[in-house]
Amino acid sequence: MSDIAVTPKPPYYAVIFSSKTADSLEGYENTADEMLTLAARQPGYLGVESARNDIGITVSYWRDEAAIMAWRRQIEHKEVRNKGKTTWYSSYTVRVCKVERQYSK
């Protein structure tokens with residue numbers, strides 16, 4: 001995924017997931033792709049942007065906080081988050097933000 005997400009006029013929400021991966025990444029890429037596909041089918045999903053170098057940053061965009069909470073409760077997503085905590089990430093931070101303005105070219 002290399003495109004910049006097309007988002008509606010604010011306000012909307014962004015979930016920023018910053019991470020450092022652990023040594024064991026078996027199954028990580030396929031599972032990440034599956035989660036992106038699953039997220040895109042969730043009501044209120046607006047888009048996603050992701051980049052990885054030493055630190056991975058994925059920003060997903062959502063219509064409102066209710067959509068974010070529904071995604072958080074989604075069973076497959078919950079299971080993958082648990083695997084990430086125990087296997088794939090040495091550290092991570094999640095930030096939830098309200099987007100009030102945006103500029104683009």
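Good morning. I begin with two helices, α2, spanning 65-73, and α3, spanning 75-88: each of them supplies at least two residues of a positive surface patch. Please bear in mind throughout that the structure shown is a predicted model.

Which residues form this positive patch? They are R72, R73, K78 and K85. Let me take one of these, K78, which is placed in helix α3. Its relative accessible area is 39%. K78 therefore counts as partly exposed, because that class lies between the limits of 20% for buried and 50% for exposed.

I now turn to H77, which also has its place in helix α3. Is H77 buried or exposed? The relative accessibility of H77 is 13%, and the limit for a buried residue is under 20%, so H77 counts as buried.

What does the side chain of H77 lie beside? One of its polar atoms is 2.9 Å from the backbone oxygen of W71. For orientation, helix α2 covers 65-73 and helix α3 covers 75-88.

My last topic is a glycine, G44. Where is G44 placed? G44 sits in the loop that runs between α1 (28-40) and β2 (45-52). With a relative accessibility of 9%, G44 is counted as buried. In sequence, G44 and Y13 are separated by 31 residues; in space, their C-alpha atoms are 9.9 Å apart.

Thank you for your attention.

Notes
Residues numbered from 1 in each chain as written. Predicted model: local features only at pLDDT ≥ 70, side-chain atom pairs only at ≥ 80, totals over all residues. Heavy atoms only, no water. Patch = residues over 30% accessible without salt bridge, like charges linked within 9 Å, V, L, I, M, F, W, Y side chains within 5 Å. Areas by Shrake-Rupley, 256 points an atom, 1.4 Å probe, with all protein chains shown as cover. Salt bridge = Lys/Arg side-chain N within 4 Å of Asp/Glu carboxyl O. Lys, Arg positive; Asp, Glu negative; His and termini not counted. Charge placed at Lys NZ, Arg CZ, Asp CG, Glu CD. Helix = DSSP H or I, 4+ residues; strand = E, 2+ residues; numbered from the N terminus. Buried < 20%, exposed > 50% of the residue type's maximum accessible area, 1.4 Å probe, protein only. Polar contact = N/O pair within 3.5 Å; in protein donor to acceptor, adjacent residues only side chain to side chain.
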